[in-house]
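Hi,

Here is the model I promised to pass on.

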Amino acid sequence: MDESLKKELETTFRNVLVSLPEDDRMVVAASEETVLSILSFLKNKGYDHLELISCVDWIEEKKFELVYILTSYSEKEMRKHIILKTKISREKSEFKTAISVFENAEPYERELHELFGINFKGHPKLTHLFLERDYKIPPFRKDFDTREYVKEVFDKIPFVEDKK
Amino acid sequence: MVNPSLLIAVPLAFAFSIPLFGLVSKKIGKYIPVVALLINVGISFILIPQILKKPAVVSIGGWSPPFCINLVVGPLGVFLVTLISSIGLLVAIYAISYIKEEPTEKYHMLFLLLITGATGIVLTGDIFNLFVFFEILCISSYALVAYNKDKEGTEAAMKYLIQGSVGSSFVLIGIALLYGMFGTLNMADIASRVTSADPTFLFISLAFLITGFGIEAAVFPLNAWLPDAHSSAPSSISAILSGIAIKTGVYGVARMIYTIFNADGILTFIAFLGLLTLLIGEMSAFRQNDIKRLLAYSSIGQIGLIVFALGIATSLGVFAGLFQIVSHALAKALLFLAAGYMIYRVGSKSIDSLSGLGRKMPLTSFAFTIGSFSLIGLPPFAGFISKFSIVYAAIQVKKPIFLVFVVIALIATVIEAGYFFKVVQNLYFKEGKNVDNVTETSGYIIVPMIILVISIIVIGIHPQFITGLLKGAAGELLGRTGYIGWVLGGS
Amino acid sequence: MVIKAVWIIVLPIIAFIIGVFFLGLSRKVIARIHRRYGPPIYQPVIDLIKLMNQKSISHGRLFDMGVILSLAGSIVLVLFIPFGGIAPLSGSGDFLVVLYLMLLAPLGVALSGGEGANPNISIGISRKMMLSLGYEVPLLFSILAVMTYYKTTSLVEITKAQQHLSWGVIYLPLPAIAYFMILPAMLGIRPFDIVSAPQEISSGPSVEYGGRYLALMTVEHAFHTFIVLALFVDLFLGGGNPFTFFVKMLVVFLLGLFIHAVFPRFRIDQAIKYCWKWPSILALAGLVIAYVVA
Amino acid sequence: MQLITILIVAFLGAGIVYLIGKISGKARDILAVLASLIVVILVSLAYNQKIYTSFYPLPFLNLSLTLRIDPLSWFFAIAVAGIGFLSILFSLEYMKHYQKLDFYYSMMLFVNAGMLGVVLSADFLSLYIFWEIMSWSTYLLISYKGGKAVGAGLKYIVMSTVGSIAMLFAIVSLYTSYGTLEFSSLASLLQTASSGYILFLLIMFIIGFGIKNAIWPLHTWLPDAHAEAVSPFSAVLSGILVRIGIYGFVLVMYSIVGLNLLHKLGYGLLNFNYILCWIGAISIIIGTFIALLQDDDKRLLAWHAIGQGGYMILGISFGTTLGIAGGIFHTLNHCIYIALLFLVTGAVEYRTGGVRDLNQLGGLIKKMPVTFIGGLIGISGLIGIPLTNGFVSKWLIYKTLIMEKHPFLAFVALIGTWGTILSVYKFLHNIFLGQLPEKYKDVKEVPWAMRLPMIILTSVIILFGILPGIPLNVISGIERSFGIKPLSTIIFGMPREIGELNIINILAAIVVAGVFIYLIFSLSTRSRRVNQYDNYAAGSFIPKDKYQYSVRFYDPVYRIIGPYLRDVVDDFYYWLVEKSKSFFQGVRQIYTGNVNTYALYILLFLAFLIITKIGWGLW
Amino acid sequence: MDRTSIKKWFKAPDKMGHKYSLWAVYFCTGCGIIEVPPVITSRWDAERFGVIPVATPRQANLFLITGYVSLKTLKAIIRTYELMPDPKYTVGFGSCPINGGMYWDSYNTIKHLDKYIPVDGWISGCMPRPEAIFIAVTHLWTMIDKGMATGYIKYREKYRYYRQNQEKLFGKLEWPPLYPMEDKNG
């Protein structure tokens, strides 16, 4: 991975931790505020495709870690992954939407909203994407007790034969 | 027997009496043309059956032709006089309430003078007298064109004046040449001796006369004054100019060619000229957005058609041409009157501003529609019969050149249909913008229009009303020996 | 007269049997080409019996009537097409009538499907219409070539003129080839099963059909197969007595089946372009030749 | 006298209706219906009569206007009167929300009167007069709605004027050559005319009648006019007014010029009939296939009116017994089914608030069953499905083409039918079938005054489809009057010597088969009735208002043939108009506004006259 | 296999028809569908038993639930099941529809399919072999023969309870009830 890009990132943005764990991978840990500007910076550099947004629930730290994975379609030698991480507060669970930079962020953010309950401010349509039911605690959070939920919901539904 | 000279005397006398009456009452002036022309219409209708039996020659001063100033009232003369006084009467009625700009008595006086001139032109048997009446007509029309005292009207009148003066002087030159050759001013006398003169000289005289009268007749390329003059004059005057004045020019040309010079050779050229006039008139009208200018250009076209028909020079052709004179006079007078009032109510001359008037002014719009349908030549209106006759006459001569002419003339009809139908649609089927406060015309305005509509329809359905007269008139134009006979035969 | 009346009753039954036999046969043959064992040859009969006993749904009166009209149209058509010289109603309508009666079946399906109110049906019917516009060009060329050549519009006359091995295919090879090239399209089998493409539009016009509706449509398909094949045999293979006629039909059908078994499906625009290219050129050439010769 | 009465009733009716309308709307409606009904009765009373009256002399032209009734004119007169009556009946409800109704009804009657005059005329002058009356009243009615209709009306009337002048030219030339304009005398006088003259006459008349009849390449006014006129008038316009052109063709070609002369025109393949045939064929292709691309239902039908006109031309241009019968019969059939279809679109417009866009409708069958049946039977007639009237006439035309050895024309005609099927199915499907949009949930069937005309027309289509002998009998009378071997008919179809067609057998077979299948159908397990929302949608419940396939219904075909299907002629006309406009503008520049130039013109003119005399001695 | 027994055909043509013409709806519910293509193509050739896949539930009478059922899938399954014409037979394929299988504690996968629609038979295993499908089919034949495959009747009779169960999961369903909600047997 390009050392110059690393330098550039570190000099341009404050509170940025850039590491190069493998040849084709760069991990950027950034603070909450700088994420969007880094995204657009990288987009201008040629990393024009947002592959994925995912989330990790660090329940002990009380943080959600958002992970943006970028790559490039336009430049062949830039077909490498940049992993941009940021941690946000678990209680508040709010973040700015990245749609203004990458339009395809929309479904990913919707998904994260559905499964982790993160509110993306400015997102036009934060409704159900996959799930059919409303969950009190979003199901991918670590404090969601699936067994309890199954017992509460599915097991309470009676067999039809029982209802004579 | 009524003395035909009354036809000239009455309007002339009334014309000059208008200022006198004006001393008595301001209001009375506008009714005088109506009275005068009513008398004229009466006289001419009384005259028609008599004249058709036997033409009248009225000598003034007790001398017999060719030594005196005389009036020759043949079928052609009486036909045109009837037309002139009828249209004049209707326009006069219209003008009673249409003309509001002071000094109205001047308008009415000039108007009557114009009618006098026109009547004199068609009745006189003396070529210099013809010139004099022609000047009366022209000068009063110059003044009337500028009557509105706006820039446009003055400019148009100025242009008209210049060209008209050129025409008048040409006529005068032509007459002088004739007088030099023959020493007489009596038309019949000249006609009877025309073969004895040098043809080149004779032709030069004819050329001057054709050009001179041609300017009034608005034949291409002598018609440049017409669009301006007709469109900027008051609408009643436009109606008179289109309906009557230019026809007198045509009468002059026809009289010269047919009766005096017997110039058969030039007739095809005249027909061609008519055709050219027709085409150029219609083409120019096509893109107009000024309704009066459109009508003026259409007048050029129609005059072209009349000249074309007269150039066919068969009895049917002349008949058709005269019929076209009638139908055009009726229709165009109607159109100008209707358009005039619409413009008055809407306050704009552009066609677009007339949109939606069909609902607000139903009668006026209806009149306009009938007028334009008649002009296009749709049955059952008068224009159809005349157009049919013209086509029939043109094909009947069986000359290939005339076949070509008639095809071109018919194509010009399509162009005419194109713009007239557009205007009609504008009236009825488009949403009006600023027509909410427009109301229907009333009283003196609507009467002449209704009479014109009725006469267009009646003549269209029952052309026999006028065919007899027209046949006689055509006979007079073509039968020059007969004409000479009437005038000179008595001596 | 009596014989005619008997034939009027018997002929549709024969056509039904042959048509259903062809349906079963096609499944079996294709299975064997696929190296499968395949269903029993009478499997379509089982399917029909089952379908008649299912409780299907209906979308309205037209939904029912369309299906009935469709099948009735096909049955009537059978009476107009000579089968081995037997054509009880051929005196009441010539080839032109047959061409127009062939419209009844698709019209019925189209109407019924229209009331089915399912876009898949609409797409299927739209494809059917477009496909028929495609194959109708070569079909009409070849049919007109035949009619021009034999100077008649009567199917019976055309068949009669081909007695004693003077088959149409010998004198009019190009139209015959063209007709054969579009035969799969007329039968609605691969590579032209665009209309009912189950994987794209869930079997198209018959999306909403189940039970007796589907049964009638299957029977209609059987009749349709019979009609198309019989027409081919009548026009180009010289008719013959009922038995040879059947054999000729069988041969043509098997040839078509082999194509069906191994080809993938065209896209609709490819199908139309195909129809308008080679079959049309061949048939047009045939028509020109027939026009000049006759 | 009888004929004069008909015309007087027709024309006076128009006038009185207008005046009454100023007093009471109700009385006007009743009177309009009555007037048209009386005309129907009067015309039907004239059946099988031969009348010839001179009603108006024009002595200065040495002519008199005459009327006549013979099989041909009766045939067209009854069609005119019938369609006129039904569309006025339909208007009662349909037009309620429009303004200027006095004008509308009066003009409807006026157009009818004009058409009646055209078909009853016995000489060319009266024909021309009524023709023109018909033309300008049509123009007023087309423009009636305002908006886009204005352009359509203008286009119509300008083209119509072109046709009229061509016709006028021919008529006048006939009159100068023969001194009479009566059909009967001309028919005998023309037998000695030269081929060139006949050809000239025919071409002029074909331009005249062809513009009305909208044959290619004179068709371009029609789609606009049909689409923009109000629907009841579209029915009249497309049903019968346009077909007066066919009347003209038949009249000129067979009643006046006659078969013998027609056959002499031209050499080999380049003869008159054959060229006319190809014009008809091109009309078919252009009409039916451009109709395929239309999304406006009335425009679609309008293009079909052009296409079906091609069939009529194909039929009549051959001059055989079968062909003429087919052509004339098709004219009648076309007038019935196209009128019905326009009424159907009118009914749909009426209930949906003027929606004409095929992409926005759907599923109306549940709400408007009678209208649907009208539409279904109408398109069946248009396609020519057996048991509807269109079938028999098309059969006659195809038969002619094949028997006369014109397989290529037959191909065009048949493939045109396929184009027709495609587009009219789209018409039916997009309006009536498929999912009903939510916004039309409360749509009701149209009122009886609108239903009745549709029902009548529908039953006539079926009646003539099953018993084609009724109209064909009249048509063979027409042929007899032309001196052509008349078509021998039986009530159910054709006798054996003409061809194999027996509708009653087909009907019986279909009915028996249908009943039999219905029995089997009802014997098997009953089905459950579900509504349109209970539908297969790949496992989900259907998305409302989005579950309809109607936009670009034949998209792949559009993509293949769309680029070739432009109305080139229309483009050319527009180009011509644009060019001539700028040319006219140039001509107008002669009047420069500068008086010096004008004086120069005058001098030049004088100089020209004198120079030509002195220099060349021209005059 | 009594497919050729004429006597039976005359005695009960409907039963025989349903038995030997099982048309399966082509519906991929879960991973088990991977076993179906071999079954219907050359390797195992289900067509010889009259089993063919069809494209729309309107034509089908055999419903194979092949794998785990998530909530979204369940909705589609119910919809599809209701579209199928009577008589119809449901077979749960694999362990997931039976009791949730390896998704027994998933927040979004139902555990017992037969709480929501009636199931006529189960094929256990994870995955069952293709042959198991044939065993199921022959078993179904027996059940049809003996009149035991009555899931569709049960659905009609107990529709109220099924609908209740379904609505417990989904809230109010978009489509109206298939049968009247009154319980016939009380």
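Let me begin with one pairing between chains: C:Ile57 has D:Arg528 as its bridge partner in strand E5 of chain D. Before you read on, bear in mind that this is a predicted model. The strands involved are E1 of chain C (residues 57–58) and E5(D), which run parallel and are joined by 2 bridges.

Now for the wider contact between these two chains. On the chain D side 56 residues take part, and they touch 63 residues of chain C. Several elements of chain D each supply at least two residues to that side: helices H17 (389–403), H18 (407–432), H21 (503–523) and H22 (555–561), along with strand E5 (528–529). Which of them gives the largest share? That is H18(D), with 10 residues. Sorted by class, the side of chain D that touches chain C has 35 nonpolar, 15 polar and 6 charged residues.

The other thing I looked at is a helix pair in chain B. Helix H6 (residues 151–182) and helix H9 (residues 225–232) have axes that come within 8 Å and cross at roughly 140 degrees. Angles over 145 would count as roughly antiparallel, so H6(B) and H9(B) are oblique to each other. Their crossing is left-handed. From H6(B), the residues making the contact include B:Ala156, B:Tyr160 and B:Gln163, and from H9(B) they include B:Trp225 and B:Ala229. By class, this contact has 5 nonpolar, 4 polar and 3 charged residues.

Cheers

Note on methods. Residues numbered from 1 in each chain as written. Chains lettered and ligands numbered in written order. Predicted model: local features only at pLDDT ≥ 70, side-chain atom pairs only at ≥ 80, totals over all residues. Axes fitted to C-alpha atoms, helices over the stretch in contact; angles between N-to-C directions. Helix = DSSP H or I, 4+ residues; strand = E, 2+ residues; numbered from the N terminus. Parallel < 35°, antiparallel > 145°, perpendicular 65-115°, else oblique. Left-handed = near helix turned anticlockwise from the far one by under 90°. Contact = placed C-beta atoms within 7 Å. Nonpolar A, V, L, I, M, F, W, Y, C, P; charged D, E, K, R; others polar. Pairing = 2+ DSSP bridges.
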